[in-house]
Amino acid sequence: MNRRQLLGTGGMAVLGGIAMSGCDLLSTDPGQQESRQGGGTGAKESPMLTDMVKRGDLPPLKERLPRSPLVVKPVDEAGVYGGELRLISVGGPSNVGGNLDRTLAYDHLVRWKPQMTTWTAEDVIPDIAESYSVNDDATEYVFKLRSGMKWSDGEPFTADDIVFWCEDVALNTEITPAMPTWLVAGDEPFTVEKRDDHTVVFRFAGPNGLLLGNLATANGLGPTRHPAHYLRDFHKKYAPDAEEKTKDAGFDSWADFFLQKATPWENPELPVLTAWQVTKAVGDVTDRVVARRNPYYWKVDTAGRQLPYIDEVSTQLVADNEVAKLKTLGGDVDLVYSTITMDIRDKPLIARGRQEGKYQILDLTYEDSNTMAFAVNLTHRDRQMRRVFRDINFRIGLSHAMNRQEIIDTVFLRQGELHQIAPHPDTVYYNEKLATQYTEYSVETANRYLDRVLPDKDGDGARLGPDGQPFRFNVDAMSDIRARDIACLEMMREHFKAVGIDMRIKSETSTLFWERVDANFHDACVFGSGGGLDPVYQHDFMVPLAITAIPWSNWYDAGGLRGPIPKDAVGPFEEPPPAAREQMSLYEQLKSTANGEEQTDLMKRIIAIAQEQFWYIGISLPKGNYGVVSNRLHNVQNPMIDDWPWQTPGPTTMAQYFIREGEAS
């Protein structure tokens with residue numbers, strides 16, 4: 001795990017001048033139906049913990065829980081204790097951390113609701129924090145912690161731990177060379193004040209309207225993942241022998257050694273607040289990460305029974321997506337969401353295997369705004385290419401030249417509908433004009449628009465560029481992780497040829513793809529497009545900040561709206577045109593308000609400009625996305641949102657999942 005993953009990076013929602021406590025998972029209703037199988041619902045803790053208490057190895061339950069544990073209402077029924085939850089992760093040790101953060105470790109100060117509506121602070125609820133309040137201008141956030149809450153080693157969790165994270169991790173430039181933007185407002189970093197042992201205050205120099213939402217995403221890991229009593233032993237500020245320990249461990253710097261010690265997937269000794277604690281770590285001589293229940297976990301069900309129900313979670317690491325599919329078909333995996341690529345073309349095979357594999361289909365509400373984002377490089381290094389690509393008539397012409405229905409029928413097995421890159425129809429951000437414009441397949445219309453940009457042709461009907469030479473461009477695509485894009489491009493190449501455009505496919509690994517795109521060396525490229533559900537937090541495809549204009553994105557990230565670019569900033573840079581600058585300015589206003597309605601209105605204005613400018617070209621609205629849940633696993637929310645900022649499946653509270661063995665198909 002790198003520093004970026006450890007401390008967090010992304011964005012979310014807000015409230016102004018309100019106090020918030022409780023959540024829609026909370027319940028005082030003890031009348032949950034009881035399971036009829038082993039373990040019973042009468043026991044208040046797992047039998048394995050009861051045995052430890054009897055042996056004197058663990059304090060009684062009442063001494064392990066906080067005074068106000070978070071009460072979780074099970075999705076379907078009260079569970080039974082025991083069992084192993086079997087997960088899978090593709091990509092080996094280098095990729096597993098993000099998946100474990102979403103499964104084993106979705107316990108932050110605040111969290112997203114299990115069901116989302118507006119993606120504002122109304123969808124954020126307390127979690128580790130018992131309650132929170134926000135002042136009117138979103139410069140001060142007060143979090144009340146749960147009295148008596150403990151780390152997995154039994155040591156108290158207090159305000160001191162969050163202050164340690166702020167002052168000695170997030171604000172320590174050796175550990176965190178670049179401050180995450182979500183912790184900066186008013187051009188100054190944040191501060192955290194300890195008001196008392198169970199109250200902390202986050203303060204900002206300017207309004208930070210998206211803090212609560214950021215804390216509910218992967219960004220929120222940092223504040224509650226740094227036990228001061230343990231990590232001070234590896235921090236140069238507190239440990240005189242930190243450098244010596246670093247050398248003995250084989251690290252080049254004490255900061256890198258500290259980060260390894262602060263990563264739960266690499267260091268099983270790290271105390272945690274999560275439902276399970278790793279016992280077999282990433283890097284051990286094994287292809288499996290194993291975690292066991294935390295005896296001090298601070299959530300209970302509606303009958304006061306300590307969670308989690310499940311004793312152990314194992315995550316198998318596989319390098320190949322096809323191996324993961326075979327294991328799913330074989331019934332060796334209990335839950336599959338976006339941990340492996342379940343293409344729509346695989347769905348008939350997966351569906352036929354339900355009885356033998358003893359699983360059911362998990363319906364996923366996919367967050368992508370389109371099946372593929374097609375982006376010409378609006379900041380191309382070649383002046384003539386740039387001139388063509390920046391002409392909206394060229395982009396409209398290409399869009400009309402695409403036979404989307406043919407692509408949908410062939411590549412997506414007739415699943416989906418013609419759609420540009422836009423928020424989903426059932427969201428408050430839906431813009432029908434943006435979603436449907438220029439989707440009609442018409443060679444005649446395409447030629448009419450393209451003639452305004454490239455009117456000259458050679459004897460074979462191929463269009464000539466401004467220099468009089470045949471106009472052609474390459475499209476970079478990732479062959480290793482987005483092979484479906486190649487199939488789409490193969491069809492689009494023929495569509496474009498029919499209107500005199502010579503498009504060529506540059507198939508490459510994802511590593512090479514990002515090297516070229518980040519350096520602004522590409523003509524055009526294709527990628528997945530987020531923001532279908534949550535454009536506030538994944539706005540790169542409404543504002544030209546992603547693959548279509550890297551120098552504009554760099555300019556914005558380096559503070560170009562506020563003044564000169566810092567000398568140490570990494571480019572290339574280019575000041576965007578007025579329309580893009582207006583979108584960026586509106587987004588800065590959005591981040592600076594604590595009012596959810598104002599945020600929504602500002603995002604709609606940003607989307608309206610996206611409609612006018614038509615920065616990106618899309619194919620279709622994603623349909624038929626799915627996962628798998630085994631018959632033995634219960635209390636799984638179905639359907640489920642599949643979204644990176646939402647941290648699927650974290651907000652469904654996996655601590656209330658349970659295993660009932662011997663389930664029939």
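Author: A cavity is a set of grid points where a 1.4 Å probe fits but cannot get out. The model discussed here is predicted.

Reader: What is the volume of the largest cavity?
Author: The largest cavity is lined by 17 residues, with Ala105, Arg225, Val272, Leu273 and Thr274 nearest its centre. Its lining divides into 12 nonpolar, 3 polar and 2 charged residues. The volume is about 140 Å³.

Reader: Which charged residue lines the second largest pocket?
Author: This pocket has a volume of about 230 Å³. Its lining holds 6 nonpolar, 5 polar and 1 charged residues.

Reader: Where on helix 10 do its buried residues lie?
Author: In helix 10, residues 321-329, the buried positions are Asn321, Ala324, Lys325 and Thr328. Viewed down the helix axis they fall within an arc of 100 degrees, so they line one face of the helix.

Reader: Which strands do the buried residues of helix 10 pack against?
Author: The partners of these buried residues are strands from several parts of the sequence, running from residue 84 to residue 630. They are strand 3 (84-90), strand 15 (312-318), strand 16 (335-336), strand 17 (359-366) and strand 23 (626-630).

Reader: Which residue caps the N-terminal end of helix 10?
Author: Past the other end, helix 10 is followed by Gly331, with a positive phi near 80 degrees. At the N-terminal end, a side-chain oxygen lies 2.7 Å from the backbone nitrogen of Glu322. The residue that supplies this oxygen is Asp320.

Reader: Is Ser620 buried or exposed?
Author: Ser620 is in the loop between strand 22 (617-618) and strand 23. Its relative accessibility is 0%, and the cut-off for burial is under 20%. Ser620 therefore counts as buried.

Reader: Which residue has a side chain joined to that of Ser620 by a polar contact?
Author: Beyond four places in sequence, Ser620 is in contact with Asn370, Thr371, Ile408, Phe412, Glu417 and His419. The polar contact between side chains spans 2.9 Å, and the partner is Thr371.

Conventions. Residues are numbered from 1 along each chain as its sequence is written. This is a predicted model: local features need pLDDT of at least 70, side-chain atom pairs count only at pLDDT 80 or more; totals for chains, interfaces and linings use all residues. Side-chain values use heavy atoms; hydrogens and water are left out. On a 1 Å grid over the protein atoms alone, a cavity is a set of points where a 1.4 Å probe fits but cannot get out, and a pocket is an open set with protein on both sides within 12 Å along at least five of seven lines; lining residues have an atom within 4 Å of a point. Grid points are joined across faces, edges and corners, and a volume is the space filled by probe spheres set on the points. Ala, Val, Leu, Ile, Met, Phe, Trp, Tyr, Cys and Pro count as nonpolar, Asp, Glu, Lys and Arg as charged, and the others, Gly among them, as polar. Buried means under 20% relative accessible area, exposed over 50%, partly exposed in between (1.4 Å probe, protein chains only). Helices (H or I, at least four residues) and strands (E, at least two) are DSSP runs, numbered from the N terminus. The arc is that of the directions from the helix axis to the C-beta atoms. Contact means heavy atoms within 4.5 Å. A polar contact is a pair of N or O atoms within 3.5 Å; within protein, one must be able to donate a hydrogen and the other to accept it, and residues adjacent in sequence count only if both atoms are side-chain atoms.
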